[in-house]
Amino acid sequence: MRAGLAVACLFLSGPAALAQPLVVRTAAQDNNVLKYDRSNAQKPGICVEVIHAIERLDPGIQFSGWATPMALPRVEQRLAQNQLDAFCALIKTPDRETRFGFIDVPVYHAQHRIAVRADDAAQVSSLDDIRKLGVDGVVIVGKATAHESYLRNQGGLLLEASSGSTDVNLRMLVGGRGRFLYHTENALLRYIDEGKLQSKVKLLPTVFKSEALLFAVAPAWPQANRDRLEAALNKLSRRGDLGRIFANYREN
């Protein structure tokens, strides 16, 4: 009888262990409708769609907190303190790598571009061109973002980084608080469209940088959990699901 029970327990522990639910504590990023936009049923955000795609692929994975907006610095702090398990679509930077980990499967790739007022005849093709403008080349950039860190590390640029809200930064651009607004292409296009600013703001053609946005994971999150999430993302990437989700957010 004991042997039978042992075999039964062993049998149950294998498949059952693999089927154990994995609840992933996460959050939504506030002021980023490209990733999270609960008010838009047709386009709820890249990260919302990716999270749902993961849950459909592996029903044992369930994300909690994805509808709770949180400022990006707080997201990073809670990740580093293991109060969140994972977060969708962050740029990997040296500073962030010292505080938490990343899954190296791109959720999507972002191109960095610059927005200017519609009547601005500026022609810049590099950050050095902007440096040469001096006080006429103030760059607005999101506060406490990877974009701000990147621009500060380039040196010699005059930055306006008082707000982490893209919507606020666009209004500052229109109001003349800076000449340039540095952000990712898709986010700029989405916010310009949402704010009906097509007649007031335009994007310059130069792509200043292109990089991957990845899932960030808490430093103490078990490796088995990380492997399971990575496997799901790899499969979604190979099937083309991640690419199709991103393509739905490309503005013409």
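In which sense do strand E6 and E11 pair, and over how many bridges?

1. Strand E6 (residues 101-117) pairs with E11 in the antiparallel sense, over 8 bridges. Helices (H or I, at least four residues) and strands (E, at least two) are DSSP runs, numbered from the N terminus, and two strands pair if DSSP finds at least two bridges between them. Within this pairing, Ile103 stands opposite Phe215 in E11.

2. This is a predicted model, in which local features need pLDDT of at least 70 and side-chain atom pairs count only at pLDDT 80 or more, while totals for chains, interfaces and linings use all residues. Residues are numbered from 1 along each chain as its sequence is written, and side-chain values use heavy atoms, with hydrogens and water left out.

3. E11 (residues 209-217) is also joined to strand E5 (residues 86-91), by 4 bridges, and these two strands run antiparallel. Ala86 has Val217 as its bridge partner in E11. As a general point, side chains in a regular strand alternate between the two faces of the sheet.

4. Across the whole structure, the search finds 19 salt bridges. The term means a side-chain nitrogen of Lys or Arg within 4 Å of a carboxyl oxygen of Asp or Glu. One of them is formed by the side chains of Lys92 and Asp104, at 2.8 Å from N to O. This pair links distant parts of the chain, 12 residues apart: Lys92 lies in the loop between E5 and helix H4 (94-97), and Asp104 lies in strand E6.

5. How accessible are these two partners? Lys92 is partly exposed, at a relative accessible area of 32%, and Asp104 is exposed, at 52%. Buried here means under 20% relative accessible area, exposed means over 50%, and partly exposed is in between (1.4 Å probe, protein chains only).

6. Lys209 and Glu211 also meet through their side chains in a salt bridge, at 3.4 Å from N to O. Is Glu211 buried or exposed? Glu211 counts as buried, at 13% relative accessibility, whereas Lys209 counts as partly exposed, at 26%.

7. Asp128 forms a salt bridge with Lys132, and their closest N and O atoms are 3.6 Å apart. Asp128 is partly exposed, with a relative accessible area of 36%; Lys132 counts as exposed, at 64% relative accessibility.

8. Which residues are linked in a network of salt bridges? Glu76, Asp95, Arg96 and Arg99 are.
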